[in-house]
Amino acid sequence: MSILINKETRLLVQGITGNEGLFHTTQMVAYGTNVVAGVTPGKGGEWVLDGKIPVFDSVKLAVEATGANCSVIFVPARFAPDAMFEAADAGIPLIVCITEGVPVQDMMRVRNYIDQKGVRLIGPNCPGLLTPGEAKVGIIPGNIAIPGNVGVVSRSGTLTYEVLYALKLVGMGASTCVGIGGDPINGTNFIDVLEMFEHDPQTEKVVLIGEIGGTDEDKAAEYIAAHMTKPVVSFIAGQTAPPGKRMGHAGAIIEGSAGSAADKIRALESAGVKVAKHPEEIPSLLK
Amino acid sequence: MKLHEYQSKSIFAKYGIPIPKGRVAATADEAKQIAEELGGRVVIKAQVLVGGRGKAGGVKVAKNADEAAELAQQILSMTIKGLPVRKVLVDEAAAIEHEIYFSITNDRAARKPVMIASAAGGVDIEEVAAKTPEKIVKIHIDPLLGLRDYQSRDIAASIDLPRELWRDFSRIAAGLWQVYRDNDAELAEINPLVITKDNKLIALDGKMLIDDNALFRHPDLAEIRDVDEEAPAETEARRHGLSFIKLDGNIGCMVNGAGLAMTSMDIVKLFGGEPANFLDIGGGAGAEKVAAAMRIILADPNVKAVLFNIFGGITRCDEVARGILTAMEEVKPKVPMVVRLVGTNAEEGRKLLENANMITAETLADAARKAVAAAKG
C-alpha cells in the first residue's frame, strides 16, 4: 500500500506538449507511471511519445475517453488557476500542480472552489508525488528513492530530494513522498498527509520537512500529539534566515510572532517529534 | 513589491477613498510651492519603504510654506533604517478627532482575505493587537463572493463608529476591497483612517504590498517600482529571475530551491560560518542564469569563499557547471569555491569542472564544513 498514487493511477498531463510537460511526461512514463492522456487546448487529436499518448483539447474530453483519475499540471503560472478549475470541473479527484509563481489571490479562489467540490489538490509550486517502484506524478527524480516504509511529507522541493537521497544511501526506502509545496496557500497541508500516513499500513515512520513562515508545522505538531501512533522525525529549514518581509501591521496582527524556525521546532519537540539539526541526520533519528 | 504612501494613496483615490490634498516633492523648493498651493499648514512625510518613519522623525507638521521648506530640507537629508529619504509627501494637515485602523490582507491560515479594523488606530496598533486583541475586529471575506455590504456595516458597528458615518465607511470599505482585489495586493492598509473635527472620514496614510507573482497582469504597477529603495544586487538578481537576499557573512551561497538554500545557510552556520547571502537560482536554471548569480555573489567584497550546492532534478548539473565556467572566465574569482553536485547529470557536471580548481564535496555537511574552513583561509 501507499498513499494517493500507485500502479493503478491513470494519469493525465495538462500542458503535455510544452517543454517541461513533455520532458517530465517522458520521465514519468520511463518510471512506469500509467500516463493515459495529455491536454493542450488546440492540439487535440495529436499524439506524443511516439504515438503512445493521445492529446485532447480539454480535460473533460480526456476523462471521457481514457478514464483518467489524476491530473498533473505543467502549464505557466498565468494559466494554472484555469487548469486547476478545469480539472476540478471535469471530475478529477486528485490534482497535482507543479507550476510555481501562481498569484496568491488566484489560489484563494481555487482553494475555496475545490474545497466545495471535494477535490484533493497537491501544490502548487511543488515537486509532486512519488511512490517508489510504482508511480511518480511530478518532477521528483525517480532514482533517488527506493521502496520502503518511511512516509515523507515536505513543503520544499530540492530539500525533499536531499532527504530521500540520504535515506537511500543507508538503505532506507519511502512508502510515498508528498511534496505539498511552499506557497502561502496550497491545496493540501501537513495534517491531511499525516492522517493518510497514519492509516496507511505500509508506512511505519514519517519524516516531516517544514520551513519558516505560516503556522502549518505548529498545527501538525498538535495533530501529532493528539492522533499519531507512528514515530515522526522532522527538519525545519530557515533556522538562520533573517526575518522576512513584514506585511505592514496587518501581518503582525494576523500571525503575531509565529512562524520562526525556533517556535516550530519547540512545538514539534513538545509533541514528541525528533528534530534533526541537518537533513543528513534524519536517517539516524529514524532508526 | 511595496508601494510608497503617495503611490498607495493615489490608487486609493481612484477607488473613491477620500485622501488629503497633497503632492510629492523631491526638493525643499517644491515642498514650499506645494505648501503655498495648499494654503500653508501641511504635513511633511518622508517617503521610504520601511515602517517606523514617524518614530524616526520623518513626519513633521509645518505651520506655513517657509517652515515647510525648512522641514522638507531636514527630512530629505535623513536616512531612515539605512534608506536615504529621496522624496517627501506634502499633504494638507487634517484636524484629527479620532484615528481608526483599517486594512485588508491575506490570512494564509484561513485561506481567505481578512478585513481588519480597530477603533484604536495609529502608530501603536501592533501593541494594541498584542495587549488588547479584543479591540481588533476581523472579518473574513469569501474570495468567490467578495466583500458584502453587511460585512462593512458589521465592522462599522463593532468599532463603535457613529451611525451617521456608516454609509461613508461602507463606501471606503468597498473601495479598499476593490483596491486589494484589482491590484493583487497582499496588503491594503489605511492607518490611520481619521474622523476629522468636521466629522468626515479621510485616509491619512496608506500602505500597499503587491504580490510579485501577479505583476504580469499589472504592468502599470511593475513600472512604478522604486528600485532606488533596493540594494542594487537585489534589483540585478530580480532582472535575472533569481531570488537573492544579501546578508552580513562571508560565505557566498548558490543553491537551487528556497528550502535547500535556507538549509545550506543553516548548515554553514551550524559549522561555525556566516552566510553572505540567500540565493535560489530556482528550478531549471540554465548556464546564463547561473553565471549571473555567480557575478552577483562575487561582487560582494565580503565574500571569502563560495558554496555551490545543487541537487539536480528539473535543474541539470551540467548546465550549472557550464554557467560556473562562463562566470569564472569573466570574473576570475580569487576566493576558494566548494562545489557539490548531485542528481540530474551530476556526473557530466563534475567532469566539466574537473580542471576548474574547485574543492569538491559529496554530502551537504561535508560541503558546508569545507566552505567554512576555506573562508577562514
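Which residues in H2(B) meet which residues in H3(B)? I began my notes with that contact.

**Ground rules.** I am working from a predicted model, where local features need pLDDT of at least 70, side-chain atom pairs count only at pLDDT 80 or more, and totals for chains, interfaces and linings use all residues. Residues are numbered from 1 along each chain as its sequence is written, while chains are lettered from A and ligands numbered from 1 in the order in which they are written.

**Entry: H2(B) and H3(B).** I looked up helix H2 (residues 28-38) and helix H3 (residues 65-76) of chain B; helices (H or I, at least four residues) and strands (E, at least two) are DSSP runs, numbered from the N terminus. On the H2(B) side I found Ala28(B), Asp29(B), Ala31(B), Lys32(B), Ala35(B) and Glu36(B), which meet Ala65(B), Ala68(B), Ala69(B), Ala72(B), Gln73(B) and Leu76(B) in H3(B). Contact here requires C-beta atoms, placed from the backbone, to lie within 7 Å. I noted 8 nonpolar, 1 polar and 3 charged residues in this contact. For these classes, Ala, Val, Leu, Ile, Met, Phe, Trp, Tyr, Cys and Pro count as nonpolar, Asp, Glu, Lys and Arg as charged, and the others, Gly among them, as polar. The two helices pack at an angle of about 145°, with axes 8 Å apart. Axes are lines fitted to C-alpha atoms, for helices over the stretch in contact, and angles run from 0 to 180 degrees between N-to-C directions.

**Entry: H5(B).** In helix H5 (residues 149-158) of chain B I found Ser152(B), Ile155(B) and Ala156(B) buried (20 or more other C-beta atoms within 10 Å of the residue's own, with C-beta atoms placed from the backbone). Seen down the axis of H5(B), these buried residues fall within an arc of 100°, so they line one face of the helix; the arc is that of the directions from the helix axis to the C-beta atoms. They pack against S9, strand S10 (136-140) and helix H6 (166-182) of chain B. After H5(B) I came to Asp160(B), whose phi is positive, near 55°.

**Entry: chain B against chain A.** I read off 55 residues from chain B and 50 residues from chain A in the contact. H9(B) gives the largest share of the chain B side, 10 residues. By class, I noted 27 nonpolar, 15 polar and 13 charged residues on that side.

Definitions and conventions. Contact = placed C-beta atoms within 7 Å. Buried ≥ 20, exposed ≤ 12 C-beta atoms within 10 Å, placed from the backbone.
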